[in-house]
Amino acid sequence: MSVQAPAPPVEPVHESPSHHEPQTSGFFHFLRTYVFSVDHKMIGRQYLFTGLAMALVGGLLAYIIRHQLAYPGQAVLGHHPISADNYNAMITMHGTIMVFWVAMPILIGAFGNFLIPLMIGADDMAFPRLNMLSYWTFFLSTVVLVASFFVPGGAAASGWTAYPSLSVNGIPANQLGQALWVLAVALEFASMLIGGINYLTTPLNMRVAGMSLFRMPIFVWMQMAATLIFMLSVGPLIGGAVLLLFDVLFQTGVYLPDKGGDPLLWQHLFWFFGHPEVYVIFLPAIGIVGEIIPVFARKPLFGYKPIVYSTIVAGFLSFLVWAHHQFISGLDPRLAMPFSITTILISVPFAIVLFSMIATFWRGSIEFTTAMLFAIGMIAEFLVGGTTGIINGSAAADIYVHDTYYIVGHFHYTLFPAVFYGTFAGLYYWWPKMFGRRLDERLGKIHFWGTTLFFNMTFIPMLLMGIGGHQRRIFDPRVFTYTAPMHNLHLIATFGLYGLLLYQLPFVIAFVKGLVGKRTAERNPWNAATLEWHAPSPPGHGNFDQEFEVHRGPYEYSHPGSEKDFLPQWLPTTN
Amino acid sequence: MHLQIETLKPAEHHEHPNYVLVYGALLALLVVSILLGRLPNAYAMNALVFTVAGIKAILVLRYFMHVKFEPWLVVFILAGATFFLVVLFIGVAPDVVGGGGWIRK
Amino acid sequence: MTAIAHPVPVLRRQPPIIPSGRLGMWWFLSSEIVTFGGVVVSYILLRLVHPDWLHHSAHTLLSAGAINTVVLLTSSLTVVLAHRAAEHHDCCTARRFLSISFGLGVMFLCVKAFEYHHELSHGLTPRTAAFWGFYYTMTGLHGLHVIAGLIAMLYLILGARNPKVLGRVAPVGLYWHFVDIVWIFLFPLLYVTAH
Amino acid sequence: MFRWLPENISTFGHDIDGIMYLIYYVVGVWFLLAEGILIYFALRYRRRAGVAAAYAPAKTLRPMLWVLIPASLVLMCDLAIDAKGSPAWEKIKRDIPAHDCLVRVEARQFAWNFRHAGPDGVLDTADDVVTSGQLHVPVNKVVKFELVSKDVIHSFWAPNLRLKQDVVPGRAITGWFEPTRTGTFGIGCAELCGTGHGVMGATLIVQSQSDFDNWLKK
């Protein structure tokens, strides 16, 4: 290294954020602010609204599916009696939409976008334009997916896993819908990859002075872990999807045995991503819960660093377990035990995370706001999902429960708490920051108890049906001698779903009320210590309106010797 | 202010390697790999050709992409991605190559 | 939801690990590694099962592949030279090197187009066999990446006078070298060992 | 929960049920503990006037033991479950015993065809008996089956046999079972296989050896 080092490179350390562009006026101002905005908060809201809209579609599909199972062949309210093909298309799209168009856009796209820069004291994402590109790619993928309902032959009907050769040539009338499905999914992945660059770069490079990595809120860690898992696991499926598209369009035969291909290859590529995807969804949700519990228990998060480390371990393990989705798929029997062991081992890091969350309640001063209720509910319900999963993880037991309603019940008990309890908890908690108003707590409590009651009423029967040997994805339970007697369980589950959907109305009302009227929310309605509560509600362009630095960790609640029961990260130490 | 283009810390500076030399090496390796492709023994041929490809890739990474001068995080990212690819290969090979031990029809 | 207009304070930052442009590009490339890697892994696995693919793969044009390798390697050299020039604030040299790389990229696409034409005219379409499915997927994905790289380079060439734009030569260079590395592996996979 | 389990009529069914019971009870205890503690804490430490929360960030190892010790116990249970599960898997999937009876299951959209090896005990000979939708097997005999698919992936699913195995085109997947009582039982397809997936059923008819032999002769 010479002393006369060459002139420093003119390489921008940070992209210049949106609010430094000249504010145009009139129609273009509207476009820039609400439509093609580069402001991470607006993009977060766009993701939120798109995701919730798709949740309505997914919920409607669930309603039709459940109605068909309870009253096979009878006209669904607002829908003619559905055919077997309709039914297959609906379960396919229900799964696809709920995982890729609801869970990821809301938990990562919406909350990640809105909160990461605020929580680390940045004025925006590292690449605001990429951020906008990410949303509009996602929007395009949504359009393609919804369009696939209306093409000749209808939407894809080969299951959300799209196993070849069914997806390639098993439903001849369905080629176009299947091709659009692959295209939409590939676009969605592309959008999440583009977004992921931001979610990983921003927390590493844009943190305000004093915000060391281990002073970041747990939510940011969880977002980074989820994004990293996603970016390192989705690639093979993107490549595999292109190959599948070639198979669907040209009968290339990469997955067709008679052409020298192998259908199991797709299953491996799919689940190599598909299992980590579960954690991509779960981690942001547990991150949200980890933000809410300390605030309403007025206690520091119990074991912040162990939680971070366990998350990293779990993220690593999540790449070594994918074949447990294939125990009976013709997998090499020698592979089953290794994958079974890694699968069951992954319960250890998650046990640490969940136990730490529970330990945070110990000797707390717990206030049961709606957000807190949903946070507790998320942990309580997810425990059901996690524990029921062990039976699927044990290869021998999985022989029996695989592809039965047991697995349907199990993954709904993991994904529903993560996606919906997590989202609701986050919305009731951060709504003041997002929209400057509070969500109605009274409606919120009705929403929570109704949701919890009917969620369990919907899915406990499914676990029982699975134990009874009821395989999934059949559109008329009366056909099989061993499924027919379980019709009453189907009825209970269906009524459960009716109630579940019905009890989303309080939320819808609170949601609308929360969007209109005067902004009354103060900066820090919950007396929380993390940085997003230091910004105005809602924050303007550039987020913060006063200078500050970070002086401590994110969860300094009830600190002995501090007059207030919480020490915000931005408060200078006075001693 | 932080939004203006900041220039890099002096620590970021590094001597530029002799790029033309690296380029020459890459071309030479290209010729080598084409020649190796003519080997009669398929196993040796594949092994050697892909070894050469690996060397070429490492040359580009180290000298053209300056991984040599990047922090450990970058190496970690790349190594991680490659590691999971190896995991994928090991996990899938018994099924797709070995046919899962079943008779192929 | 309208943004409340308020002055944006000047916040001090933690020092960045490396400039965001480069860090973001590294994250992107890590996902690109697994994307191309996934297809390559699938291809290798199926080819181990099907020695008979040699009948198909023998039809790829080794010479064209070799020429394209030279082209891409050269373009990588010129890009890294442009990067060095940019670090020395020598925007004219940088732009000259970038233009050469751009030309080489276009040349690569022309050779690729010639190959495609040659194969398609001999009836070697994706319908022919799984091998050609892989061939067109891999080279097609790679070709798309080349096009994207060319667009980025054009943006650099046109904006070379603006130091901020020229500063982006680092991430764009990383991307271009990665596209080069992908080809370094596709060449033996689809040409050398396939004959 | 497990009173919903259908009657088990296969020799290895007990192993599978046994593991399910083991996991059910082991995990059940953990589940009740966790839920109980969670709810107890939530109620016991609800906000009260004048009662402040404790400051417990658990920055050191000692308090973390409250989490790490249970977690390590979870690890123990995991290993126990694996130890119990592994031999069952080996028994069912890998060491296939000598068979008394051979049958090829041919799945296609959307029906099950069964090719029973005749008295000569080998398949694809003149005396094979081919049926559609009816699988005949003798009781208390090891039946070896071979699963082949004409089109897409199906899954051979006989709940009473505790037997499920995907039928993959391009592979002939083999397995075995030994029915322990006579009777007729349901068979279904457990992998989405297209329009008729929901009606792709068959009947398993377990007969005494003599009835089975007579049926083969006819």
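This is a predicted model: local features need pLDDT of at least 70, side-chain atom pairs count only at pLDDT 80 or more; totals for chains, interfaces and linings use all residues.
Residues are numbered from 1 along each chain as its sequence is written, with chains lettered from A and ligands numbered from 1 in the order in which they are written.

Let's start with chain A. Chain D puts 75 residues into this contact and chain A puts in 82 residues; two residues are in contact if their C-beta atoms, placed from the backbone, lie within 7 Å. On the chain D side, H2(D) gives the largest share, 17 residues. Helices (H or I, at least four residues) and strands (E, at least two) are DSSP runs, numbered from the N terminus.

Now the domains, whose bounds come from an automatic or database domain assignment. Chain D has domain 1 (2-94) and domain 2 (101-217), and their centres, taken over C-alpha atoms, are 38 Å apart. Where they touch, domain 1 of chain D supplies nine residues and domain 2 of chain D supplies twelve residues.

| Partner of S8(D) | Sense | Bridges |
|---|---|---|
| Strand S1 (residues 103-104) of chain B | antiparallel | two |
| Strand S5 (residues 143-149) of chain D | antiparallel | five |

Within S8(D), Ala172(D) is the bridge partner of Ile103(B), and Thr174(D) sits opposite Glu146(D).

Note on methods. Two strands pair if DSSP finds at least two bridges between them.
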